Amino acid sequence: MMKLNTFIPKGLRGFYLNELNLYRFSMQSGNLSQAWHHLERSHILGQSYPFEHTYSHWLMLKFGLRQQNVKEIFGQLIRLLVGGWKSFIDHVPLGNTGGSNVPPLKKMELPKDLAHILKTYKRV
């Protein structure tokens, strides 16, 4: 039977929200590279859950718009169209950072701390 993902586990949600808070703080501080880093981490943590996955891509789209980065804008629009349903059936490339600089279906090595978090709160 296929497992359907709808809601992020409570423990994992806290780590996801922390990355979003660090993103916002970095944006307010004007540290754009650090802000993007935290968006990528939020994507990794939330990519198996439709709402969190879509929200990370929404923020990446807004980031691309602020930077007037046409490649990022286009890449995020495509990801917004297909990312959520792939999350729903948990068919996502583990570790993928979500930016248009990487192929949407490319599995990537997880940062050690995120690998530990995902192993603890989600079966990886």
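Q: Which residues does His57 touch, not counting residues up to four places away in sequence?
A: This is a predicted model, in which local features need pLDDT of at least 70 and side-chain atom pairs count only at pLDDT 80 or more, while totals for chains, interfaces and linings use all residues. Residues are numbered from 1 along each chain as its sequence is written, and side-chain values use heavy atoms, with hydrogens and water left out. His57 is found in helix α3, where helices are DSSP runs of H or I with at least four residues, numbered from the N terminus. With contact taken as heavy atoms within 4.5 Å, and with residues up to four places away in sequence set aside, the partners of His57 are His43, Gln76, Arg79, Leu80 and Gly98.

Q: Is His57 buried or exposed?
A: The classes rest on relative accessible area, computed with a 1.4 Å probe on protein chains only: buried is under 20%, exposed is over 50%, and partly exposed is in between. His57 has 3% relative accessibility, and therefore counts as buried.

Q: What covers the buried residues of α3?
A: The buried residues of α3 include Pro50, His53, Leu59 and Phe63, along with His57. What covers the buried residues of this helix includes α1 (10-29), α2 (32-46) and α4.

Q: What distance does α3 reach from its first C-alpha to its last?
A: The expected span of a helix is 1.5 Å times one less than its number of residues. For α3, with 18 residues, the expected value is 26 Å, and the helix comes close to this with a reach of 26 Å.

Q: How many residues does α4 give to the lining of the largest pocket?
A: A pocket is an open set of points on a 1 Å grid over the protein atoms alone, where a 1.4 Å probe fits and protein lies on both sides within 12 Å along at least five of seven lines; lining residues have an atom within 4 Å of a point. The largest pocket has a volume of about 160 Å³, a volume being the space filled by probe spheres set on the points, which are joined across faces, edges and corners. Of its 14 lining residues, the closest to the centre are His53, Gly83, Lys86, Pro104 and Leu105. Both α3 (50-67) and α4 (70-88) give two or more residues to this lining, and the most come from α4, which gives four.

Q: What is the angle between the planes of Phe15 and Tyr121?
A: The structure holds three aromatic pairs, in which ring centres of Phe, Tyr or Trp (its six-membered ring) lie within 6.5 Å, with planes under 30 degrees apart counted as stacked, over 60 as edge-to-face and the rest as tilted. One of them joins Phe15 in helix α1 to Tyr121 in helix α5 (residues 112-121), 106 residues apart. This pair is tilted, with 5.7 Å centre to centre and an angle of 50°.

Q: Which residues does Lys107 touch, not counting residues up to four places away in sequence?
A: Lys107 lies in the loop between α4 and α5, and counts as exposed because its relative accessibility is 61%. Leaving out residues up to four places away in sequence, Lys107 touches Pro93 and Leu94.
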